[in-house]
Amino acid sequence: MEMADWGRLVALLTLRREASAEEQEEVAQMFAANRRVPYRQALIATFNSNYHWLLPLVNLPTLIMIGEEDQVTPIGLAMHLHMHIKGSVLRVIPGAAHLSNLENPAEFNRHLKEHLLTFRKSGQA
């Protein structure tokens with residue numbers, strides 16, 4: 001499969017159903033710009049590895065954000081991460097799927113800014 005074809009498929013899988021044609025094209029082009037071999041290697045490393053045993057060892061303020069319509073990372077996985085990373089915060093972004101930073105940037109940025117300010121105030125920055 002060519003990267004342009006892959007980009008169109010990724011756009012369909014990662015965006016909410018109501019995504020505009022412009023959003024779909026933007027995501028398709030973004031993924032199509034990836035080089036094939038490194039992208040394939042990243043996918044293999046992602047899907048062939050199990051890092052769940054490391055989650056209880058995470059000792060940093062952790063923000064987990066997921067789009068309410070995310071089909072790629074199900075809410076159950078986000079909840080699993082949240083339950084196993086001590087002190088983590090889970091935020092569900094409305095009106096977004098897997099690419100919540102593109103689909104609902106205001107909400108994404110609000111949660112990120114809040115988390116970073118909390119992290120900074122805690123003296124761990």
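Helices H1 and H2 (residues 21–32) pack with their axes 7 Å apart, at an angle of about 135 degrees. The model is predicted: local features need pLDDT of at least 70, side-chain atom pairs count only at pLDDT 80 or more, and totals for chains, interfaces and linings use all residues. Residues are numbered from 1 along each chain as its sequence is written, and side-chain values use heavy atoms, with hydrogens and water left out.

**H1 against H2**

- The angle makes H1 oblique to H2. Under 35 degrees counts as roughly parallel, over 145 as roughly antiparallel, 65 to 115 as roughly perpendicular, and the rest as oblique.
- Axes are lines fitted to C-alpha atoms, for helices over the stretch in contact, with angles from 0 to 180 degrees between N-to-C directions.
- Helices are DSSP runs (H or I, at least four residues), numbered from the N terminus.
- The crossing of H1 past H2 is right-handed. Right-handed means the near helix is turned clockwise from the far one by less than a right angle; anticlockwise is left-handed.
- H1 contributes Met3, Ala4, Gly7, Arg8, Val10, Ala11, Leu12 and Thr14 to the contact (heavy atoms within 4.5 Å).
- H2 contributes Gln24, Val27, Ala28, Phe31 and Ala32.
- The contact of H1 with H2 holds nine nonpolar, three polar and one charged residues. Ala, Val, Leu, Ile, Met, Phe, Trp, Tyr, Cys and Pro count as nonpolar, Asp, Glu, Lys and Arg as charged, and the others, Gly among them, as polar.

**H1 against H3**

- The axes of H1 and H3 come within 11 Å and cross at roughly 40 degrees. H1 is therefore oblique to H3.
- H1 passes H3 in a left-handed crossing.
- From H1, Met3, Trp6 and Val10 meet Arg36, Tyr39 and Leu43 of H3.
- The contact of H1 with H3 has five nonpolar, no polar and one charged residues.

**Aromatic pairs**

- Rings of Phe, Tyr and Trp (its six-membered ring) pair if their centres lie within 6.5 Å; planes under 30 degrees apart are stacked, over 60 edge-to-face, the rest tilted.
- The count is two aromatic pairs.
- Trp6 and Tyr39 have ring centres 6.2 Å apart and planes at 65 degrees, so they pair edge-to-face.
- Trp6 lies in H1 (residues 3–14) and Tyr39 in H3 (residues 36–47), so the pair ties together parts 33 residues apart in sequence.
- Phe31 and Tyr39 also pair edge-to-face, at 6.0 Å centre to centre and 80 degrees between the planes.
- Ring pairs link Trp6, Phe31 and Tyr39 into a cluster.

**Accessibility of the cluster**

- Buried means under 20% relative accessible area, exposed over 50%, partly exposed in between (1.4 Å probe, protein chains only).
- Trp6 is partly exposed at 24%.
- Tyr39 is buried at 19%.
- Phe31 is buried at 14%.

Note on methods. Helices (H or I, at least four residues) and strands (E, at least two) are DSSP runs, numbered from the N terminus.
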